[in-house]
Amino acid sequence: MAELDPATLMKKQVGEAAAALVQSGTIVGLGTGSTAAFMIQALGDRLKSGDLKEIQGITTSFQGEVLARECGIPLTTLDVVNYIDLAIDGADEVDPNLNLIKGGGAAHFQEKLVEAYAKRFVVIVDSSKLVDKLNLNFLLPVEVVPKALHPVTKAIEKMGAKVTLRMGVKKAGPVVTDQGNLILDVKFPHGIEDPAELEKTLNNIPGVLENGLFVNMADLVLVGSVIDGQPTVREIKR
Ligand code: 5RP
């Protein structure tokens with residue numbers, strides 16, 4: 001196998017470390033993104049080797065569903081079960097209080113749904129995702145019902161933010177989410193002062209389905225770093 005670059009190596013390392021936390025017979029929330037993909041692959045490997053038995057996954061995106069099926073992970077849904085033992089997912093930014101920005105892959109609606117019902121939520125990131133304050137670098141994604149695009153854009157601009165409609169790559173026009181909605185990427189000029197308040201305020205705008213602030217949800221963050229050429233994983237607990 002080709003040698004992995006350090007960033008990819010960190011993602012693989014934390015993905016595998018998180019997959020090692022999963023116990024047989026449990027229901028697992030499966031996140032979205034490149035780091036979560038390593039975790040899903042590692043779970044598939046554990047199932048194939050017989051080290052792990054009888055888990056059921058609940059995916060958070062079309063991407064995750066396709067990968068989980070490829071990896072042989074049996075799937076269920078929140079229509080069938082009413083709890084999740086452990087959810088594992090990546091993040092775009094993590095602040096010192098373990099509040100997150102998510103939605104780099106436009107999957108934050110399903111991610112928040114699944115992670116909110118999990119008894120334990122473990123976040124997997126490489127060290128570049130740790131920040132002092134949210135939204136200084138990464139834009140905050142807000143999922144909007146298409147009919148409400150104009151009024152929601154105006155309402156968020158009135159709050160002092162710069163708002164950009166996320167455009168597709170190799171697709172003409174905007175990104176369309178797994179729910180058939182659009183994504184506004186939002187930048188507050190001085191970052192986000194009060195994530196808890198902003199999360200509620202944005203979700204109260206009619207036409208907003210969900211925003212990418214995950215406040216007081218993460219129980220544990222596994223952080224991958226490369227130190228002296230060696231990939232290492234450290235824990236930050238709530
Ligand atoms: C998708 C997400 C991802 O978890 C987040 O964007 C991190 O992705 P990656 O692990 O590829 O950096 O929130 O909506």
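A polar contact here is a pair of N or O atoms within 3.5 Å. One more thing before we start: what you're looking at is a predicted model.

Let's begin with the largest pocket, which holds about 390 Å³ of space. Helix H2 (34-49), helix H3 (62-70) and helix H4 (108-116) are the elements that each give two or more residues to its lining. In total, 27 residues line this pocket, and those nearest its centre are Thr32, Gly33, Ser34, Gly104 and Gly105. Sorted by kind, the lining has 14 polar residues, seven nonpolar ones and six charged ones.

Where does the largest pocket lie? It sits between domain 1 (6-127 + 216-237) and domain 2 (140-210), because both of them give residues to the lining.

**The ligand**

Now for the ligand. There are 18 residues around it, and Ser34, Thr35, Asp92, Lys102 and Lys129 come nearest.

| Residue | Part of the residue | Distance to a ligand oxygen atom |
|---|---|---|
| Gly103 | backbone N or O atom | 2.8 Å |
| Ala107 | polar backbone atom | 3.1 Å |

How much of the ligand's accessible area does the protein cover? On its own, the ligand has 380 Å² of accessible area, and the protein covers 91% of that.

Key:
Residues numbered from 1 in each chain as written. Predicted model: local features only at pLDDT ≥ 70, side-chain atom pairs only at ≥ 80, totals over all residues. Heavy atoms only, no water. 1 Å grid on protein atoms, 1.4 Å probe; cavity = no way out; pocket = protein on both sides within 12 Å on 5 of 7 lines; lining within 4 Å. Points joined across faces, edges and corners; volume = space filled by probe spheres on them. Helix = DSSP H or I, 4+ residues; strand = E, 2+ residues; numbered from the N terminus. Nonpolar A, V, L, I, M, F, W, Y, C, P; charged D, E, K, R; others polar. Domains from an automatic or database assignment. Near = heavy atom within 4 Å. Polar contact = N/O pair within 3.5 Å; in protein donor to acceptor, adjacent residues only side chain to side chain. Areas by Shrake-Rupley, 256 points an atom, 1.4 Å probe, with all protein chains shown as cover.
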